[in-house]
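Welcome! Take a moment to look over the sequence and the structure below, and then we can walk through them together.

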Amino acid sequence: MTIPAVLASPLLMPGLFTFVIIALWASNRLPEYLTALMFFAGAMMLHLAPPEQVFAGFGSSAFWLVLSGFVIGTAIRSVGLADRVARMLAVPLAGSWLRMLVGVVALTYALAFVMPSNMGRIALLMPIVMALAERSGLAEGSKGRIALALAVGFGTFQLSTSILPANVPNMVMAGAAESGYGLHFSYLSYLALHAPILGVLKGAMLVLCLLLLFPLPQPLEHCAKSGNRFSPQRCGKTKSWTSVPASGLTHAGLDRPVDVKDAPSPWSAAEKRLTAILLVTLALWVTDSLHGISPAWVGLAAACLCLLPRIGFLTGDQFAAGVNVRTCLYIAGILGLAAVVSSSGLGQAVGQALLRVLPLSPDHPAGNFASLLALVSALNFVVTANGVPALFTPLAQSLADGTGWPVATVLMVQVLGYATPLLPYQASPIVVAMGMGKVPAGDGLRLCLTLAVASFALLGPLDYLWFHLLGWL
């Protein structure tokens with residue numbers, strides 16, 4: 001295409017605008033909410049798409065699940081339920097930094113089997129894990145607290161891609177495959193293909209990356225000094241428990257040990273009401289395929305109950321303080337950008353251009369596998385994880401012709417790609433978790449890049465061999 005033709009292309013302005021917005025989010029040169037507001041203003045002033053596309057994020061179920069998640073999480077903390085559950089988890093997870101990280105990551109994966117919503121799981125887990133961090137003496141802003149918040153976000157999103165109904169991109173892919181090719185993926189076959197690599201092994205890799213990037217100079221049980229005084233130089237500016245016999249654990253910052261055998265305090269009326277609301281909410285989330293109500297609207301109804309006078313638990317001031325409007329605007333901006341890219345034809349153009357340069361050949365299956373992963377990763381920069389299957393799936397037949405593989409195999413290869421974002425903004429649940437856990441953008445970016453490089457370098461070849469072993473290639 002000649003330079004004049006490029007300049008006359010209707011995709012030039014959407015392409016340049018998308019590049020600038022993504023660059024601002026990726027580089028964190030401006031606050032993420034400001035970049036989102038600039039996207040809304042710029043897209044409307046430049047007439048890049050109709051308002052219903054630009055502001056599609058506010059009509060998305062993901063946006064309302066994020067908002068309701070903040071409300072539910074604030075309620076869990078305010079009534080003391082988070083601290084109660086954290087105390088229950090304290091004994092089995094205490095003892096070492098490794099045990100605590102493994103326990104939190106395993107919890108995020110286990111909950112994905114019974115709760116279909118990423119945002120809902122984060123809303124439930126984050127206040128509990130933050131209370132656990134507080135009980136462990138990990139102060140706000142400390143390495144340990146940041147690592148636990150990232151374990152919730154990354155474990156919730158990335159590991160759940162190995163379970164078909166537990167992740168939005170999975171469902172987009174399954175729906176597009178059914179409507180476009182008449183393919184139906186069963187729960188067990190999908191689990192067998194992806195759980196060993198993208199679930200179990202990736203969970204172990206996440207723990208190792210967290211240990212590497214956020215080390216505590218001493219194990220938790222060796223961090224304390226005499227008299228319950230702690231050295232920031234030795235303990236990484238964190239506090240912790242002293243290793244003691246089963247009779248009790250010494251909690252940092254307290255003048256006496258917290259005896260794990262002490263009888264727990266009686267349940268308050270507010271705790272009982274909130275627990276009932278959460279159990280009903282969880283039951284409706286788990287059975288969404290039966291009643292057809294989106295998890296977002298179930299979560300929103302639960303949030304409304306939490307805010308009702310007398311029945312609820314939060315005042316207007318607590319609502320204002322607990323709901324992170326910055327993160328909500330960021331999520332709406334990400335979803336709106338994906339809608340604009342898709343409706344403008346930019347995403348399809350990018351996919352077709354990449355398809356022409358991919359070195360696909362039936363004689364080089366390993367190269368095909370790597371090329372498809374590279375394609376998915378490139379699309380992830382443009383439309384984020386939720387939008388990748390919507391753009392990749394229509395290309396599956398052409399990709400299948402180039403590789404000589406069945407369409408179903410091509411569709412399954414993409415899962416590792418969208419399950420492994422290179423930048424946090426590419427996966428909105430990770431962004432939400434970082435917001436709820438007050439994680440600095442730089443720390444999230446470091447973990448994202450480190451885990452992505454390790455996943456593609458180590459898990460990619462293993463995934464390829466597993467596809468071969470199960471007969472998908």
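## A pair of packed helices

Helix α10, spanning residues 143–160, packs against helix α23, residues 428–436, at an angle of about 160°, and their axes lie 8 Å apart. Since angles over 145 degrees count as roughly antiparallel, α10 and α23 are therefore roughly antiparallel to each other. Their crossing is right-handed. On the α10 side, the contact is made by A149, L150, G153, F154, F157 and Q158, while α23 contributes P429, I430, A433 and M434.

Please keep in mind that this is a predicted model.

## The chain as a whole

How many helices and strands does the protein chain have? There are 24 helices and zero strands. Of the 473 residues in the protein chain, 53% are buried. Among the chain's contacts with a separation of 6 or more, 74% join residues 24 or more positions apart.

## Inside the core

In soluble globular proteins, nonpolar side chains tend to be buried together. Here, the largest nonpolar core has 144 residues. Those with the most contacts inside this core are F39, L148, L150, L210, L274 and L399. L150 also belongs to the contact between α10 and α23.

Leaving out residues up to four places away in sequence, L399 touches L355, L358, L360, L372, L375, F392 and V410.

Is I331 buried or exposed? With a relative accessibility of 0%, I331 counts as buried. Apart from residues up to four places away in sequence, I331 touches F63, V66, S428, V431 and V432. I331 and F58 are 273 residues apart in sequence, yet their C-alpha atoms are 8.7 Å apart in space.

## Cysteines

How many disulfides does the structure hold? The number is zero. Take C304, which is in no disulfide: the nearest cysteine sulfur belongs to C306 and is 9.2 Å away.

| Residue | Relative accessibility | Class |
|---|---|---|
| C304 | 44% | partly exposed |
| C448 | 1% | buried |
| I331 | 0% | buried |

The cut-off explains the classes: a residue is buried under 20% relative accessible area and exposed over 50%, with partly exposed in between. C448, at 1%, is therefore buried, whereas C304, at 44%, counts as partly exposed.

Terms used:
Residues numbered from 1 in each chain as written. Predicted model: local features only at pLDDT ≥ 70, side-chain atom pairs only at ≥ 80, totals over all residues. Heavy atoms only, no water. Core = buried A, V, L, I, M, F, W, Y, C linked by side-chain atoms within 4.5 Å. Buried < 20%, exposed > 50% of the residue type's maximum accessible area, 1.4 Å probe, protein only. Contact = heavy atoms within 4.5 Å. Disulfide = S-S within 2.5 Å. Axes fitted to C-alpha atoms, helices over the stretch in contact; angles between N-to-C directions. Helix = DSSP H or I, 4+ residues; strand = E, 2+ residues; numbered from the N terminus. Parallel < 35°, antiparallel > 145°, perpendicular 65-115°, else oblique. Left-handed = near helix turned anticlockwise from the far one by under 90°.
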